Each structure stands twice: as C-alpha cells, then as structure tokens.
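Here are a few exercises to work through with the model on screen. Try each task before reading its solution.

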Amino acid sequence: MNGLATATLWQRELVRFFRQPSRVAGALGTPLIFWLFMGSGLSGSFRLQGSAGVSYLQFFFPGTIVLVLLFAAIFSTISVIEDRHEGFLQGVLVAPVGRGAIVAGKVLGGATLAWLQGAVFLVLAPLAGLHLTLASGLAAAGVLALLSIALTAIGFAFAWKLDSVQGFHGVMNVVLLPMWLLSGAFFPLAGAPLWLSLLMRVNPLTYGVAALNDLLLQPAAAARAASGLPSPGVAVLVTLGLALVVYAVDLAVTRGGRVE
Amino acid sequence: MSAVPAAASVPAAEPAVEASGVEFAYGERQALRGLDFQVAPGEIFGFLGPNGGGKTTLFRILATLAPPSRGAVRVFGADLATQAARVRRELGVVFQSPSLDVHLTVAENLTHQGHLYGLSGRDLAGRIEAALARFGLTARAGERAKTLSGGLRRRAEIAKSLLHRPRLLLLDEPSTGLDPGARRDLWDTLFDLRGEGVTVLLTTHFMEEGDRCDRLALLAGGEIVALGSPGELKTEIGGDVVVLSGPDPAGLARDLTARYPDLAPTVGDGAVRLERERAHEFVARLVEALPGRVEAVTVARPTLEDVFLRRTGHRLYDLEKADDEA
C-alpha cells in the first residue's frame, strides 16, 4: 500500500507543477537571467586560474544548473507548507500510510521536477560553448539526480518544521542561497581566502558542483589540482552521502513530535 | 443442545468509539479535562459546544492526528495510540478546512484518495463512479476542485472520505459555511449513512444540529457537561422555559423568589428566565399579580441552549464571544 501511496503523491507533485505555468517560468527563467546577466557582466574581468580559455559564462554554467535545482527544490518543498495550510496534508496524515511514503512521494516528486529542469539546462550546455559527450552528459544527469534529491530533501526538512512560507523564505536566504554561493558555483575554490575556502570545503554542496564542473568543463588533472577541486570519485560519494543523510533527516522529522 | 441463553452467547455490541479519561494539554493549557464517553455502532453522535470548548482538539485526537496526553480511546476495539494504522482504515475523516487539492479535478482527488487507502484499478474506478453519482458530482468530475461551490466541495469531501467504506465517519463542523440547502443535503446524507450502518461522529456549535443527533455530548471548558439524547437532555428542564422582560429584571427576580421560593429565576440579558411546568397557566397568574412589572413574556419548549445554560451558567454564544476576546 505504501508503494501505491508514494506513487500517487509523486504523480500529484508533477501534475500540480505543470498546471501552474508561473512555477515553470519562475524556476527556469530566474537562473537563466542570472546566468546571462551575471555571466556576461563578469566575463570581462574574470579569468579562471589554470584553465585558460574558459570564459566566465562557461564557468558559471554548471553553477547555474545547480541554482536551477535549488530553486526547483525550494519551490516544490514550499508546497509542503501549502499542503498543510490548504488542508491536503491532513487528509494524507489520517490515511493508513506510513510517514516514509509521504516523505518518498514529496521528496522524489520534487526531485523529479528539479531534475527535469536541470536536464533542460544541461541540454542547452553546448549553446554556452561547453562540450558534452553522451557519456559525460549521462554522468552529469546522474549527478543532477543526486543533487536534486539532496536539495529537495533539505528543503523538505525545513518546510515540514515551518509554519509559514515567509519563514521558509528566511531559511532560503540564510541557509540555502549561501550554500549555493559557497559551493564553487559562483566563484572557484582556488583563489578564495583561506577562511572562505574552508567554509567551501565544509559545504557539502561544493562536491556536487565540483562533480558537475568536472564533467562539463573537463579540466585536465593538473588544472583540477590547481583549482583545488576534489576528485570526481570523492565528489560523487560526498553528494550521494549528503542525499542519504538529508533523506534520513526527513524521515526523522516526520516521525517525531509534530503531528498536525 | 446448548442451554446457554441467547443473551449470554451474544456479546454486547463492541462500541464504535470508547474514550476513557481523555486529557489533552497544549503546554500549560488544559484543553480536555478527562472525557469519558461511548459511541454505539450505527448512531449519529454529536459534540456540541462553543468554539474553544475542546471540540477541535477532541476531533484531532479521534482522527489520529494527536495522541491524548492521558487516557485512551479505542475505535472498534483498536487502541488509537498503539494501533493507529488499524484505526485509520476504519476512519473516514471530513475536516472543517477542506482537504481537496484545488489544482486537481474532482475525479483526480478521488483517485489519489483511493490510492492512499490501497485501492486501485477497476475496483477503485467503480467506487469513484458510484461516489460521484451518489453525491451528484458526475457532471463535475473533470473540473478542478477550486471551481466548486462550498456545498459541492463539502459533498466532494464526504465522497472522498467514504471511498474506502469506513465504519466510522468523523466530521468537524460539517455545516459551517454551508447555505441551508446544502446543510439539508448534508444531513440527508448522514441519515442515509446511518441507515447503512455507518457510525457518524460530528462536532458542531449549532443547536439545531445537536437536535438531529441520536445522542450528543455538550462540551464546554474541556469537559462533557451533559450527555444523552436531545430528548433526555431537555427533560431535565422541568417543563417550559419562561423569559420575562421588564424595566427592572433584578427586582422582578427578587419579588418572584419571595413569592414562589422554589422557582429559582435567573437574570441575564436584561430579562428574567425561569423553568416551569404548564407555564402558560402560571404566566397568566404571574402577570396579573405583578402589574406593570412585566413588559413581555415568552414561553417555549426547552432547547439544547437551555440545557447548556443550566449546566454551564453561560449561553453557548457568550462563551464563544468570551473566547474570541480572550
């Protein structure tokens, strides 16, 4: 019964998304505008250490995809708060369905949407002058899937605990956006002051961004060492670990305490 | 060839709901102060009381959304706290705030609901079709829930809650926000369900709804102040209810007490209120005996409001007002 419940909640996330065109526009439009304006504006004054020939627009592209995932995850987990306010959630909570099925349906539904949006950007990568093979494209899609689950699960944990969309915006500005800013998406790890680079290394999102950079920008091993990026294996493992840990946190917060 | 009498071999019907010593506290504030009641299978049982009296808290406990701080509730024998999954399969829940997803169509809402209860395929399709037909929603099945009127939404909510054929239907303030026609509809449905053997438990703050229940409990200040059928509750009011208004209600009450020591009049809302059998005869004598003191008289059969007033010393709506201001 829980499999069916998960599937039905997952499907609902997708149907709701495509019925609200403003959500589609907001999720794809904002990062695109960021990428175009910031990327173009900074292109003239930016030179990546050790990777001559990579323009800022190119460097910023993988980070923009992660921003797409982040926005998608934020928007879809805000729906947890809406579900609570609109009353849909209470109907689910009184059904003979384990909390695990609710987490799975919501997080995987949100992650699927995030992944789809990220994939749209990924397909556009060649337009930004990035070289994509079938193998690197598929590998990147896999990294996007892990990141989508991790980011949606992070959003879910906050959304489950928070009462208001306003409160969630606070979390977004204080926690989620700084995580993205310090992930190497916006500026590279190499060249950051020591205290900042320490923060960036502690930030689990850094590793997903690094894995994506590695696949899309394809820096040579020497360049990677200079840029301070972790090796692809470590990057993927840390991202997988992040997804699993936050998912476990989601299971814990839905079981504990608050039952409304 | 058993000689055991039939009555002994048939166990007494298991109560649909059995609550003992149910308490609930929000931090320091005690919302429920030890409720004991039983709901028999197949009856319509109401909780009538002011907002803030504990109805919604009790509803949330019965719906398995919050465990009681103390005490126990059994639903068809299953303990609410330890066997929630079993209880949930027996429960249909209609919340006061709608639980429909407004972005989905009526049929989609029902489909998701069915899936949550483990229904699928042809069985589910058949149930949805039957539910839509029963509640007059067939023509609206493909429309988004947000386009439905309040009455239709409530019908869709009930259709949704009945899809898995629960034995106990819980409704929180089901009439709130409905126009009189939709309210009549709702009660027709509840009576039909009772006819099919479904136990119905609802909360309300409308007196006239309390009258339609088979039995009801008056809930105020987190306690059950009276419990019984509407008829039983009203018989505790001796005879009729008389309300006398005049220029000096307090003085009038004093004089009445002096003249008829067993009358026990109460003063409130600028009028004197008393209970008396065969009140019409009494009133005629009274008005003659106290010329000029009484400007208007009403004589009425007792209502649940009178029962409530007698048991709590407050009118239902006064308590609600006090609660709003608090």
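**Exercise 1.** Work out how far apart the C-alpha centres of domain 1 and domain 2 of chain B lie.

Step 1: find the bounds, which come from an automatic or database domain assignment: domain 1 of chain B is 17-229 and domain 2 is 234-325. Step 2: take the C-alpha centres of the two, which lie 36 Å apart in this predicted model. Step 3: look for contacts (C-beta atoms, placed from the backbone, within 7 Å); 13 residues of domain 1 of chain B touch 11 residues of domain 2 of chain B. On the domain 1 side, α8 (207-210), β9 (215-220) and β10 (223-228) of chain B each give at least two residues.

A note on the model: it's predicted, so local features need pLDDT of at least 70 and side-chain atom pairs 80 or more, while totals for chains, interfaces and linings use all residues. Residues count from 1 along each chain as its sequence is written, and chains are lettered from A in the order written.

**Exercise 2.** Describe how helices α4 and α5 of chain B cross.

Step 1: locate α4(B) at residues 106-116 and α5(B) at 121-134. Step 2: check their axes, which come within 10 Å and cross at roughly 135 degrees. Step 3: name the arrangement; the two are therefore oblique to each other.

**Exercise 3.** Find which residues of α4(B) and α5(B) meet.

From α4(B), pick out A107(B), L110(B), T111(B) and G114(B); they meet L124(B), R127(B), I128(B) and A131(B) of α5(B).

Terms used
Axes are lines fitted to C-alpha atoms, for helices over the stretch in contact, and angles run from 0 to 180 degrees between N-to-C directions. Helices (H or I, at least four residues) and strands (E, at least two) are DSSP runs, numbered from the N terminus. Angles under 35 degrees count as roughly parallel, over 145 as roughly antiparallel, 65 to 115 as roughly perpendicular and the rest as oblique. Two residues are in contact if their C-beta atoms, placed from the backbone, lie within 7 Å.
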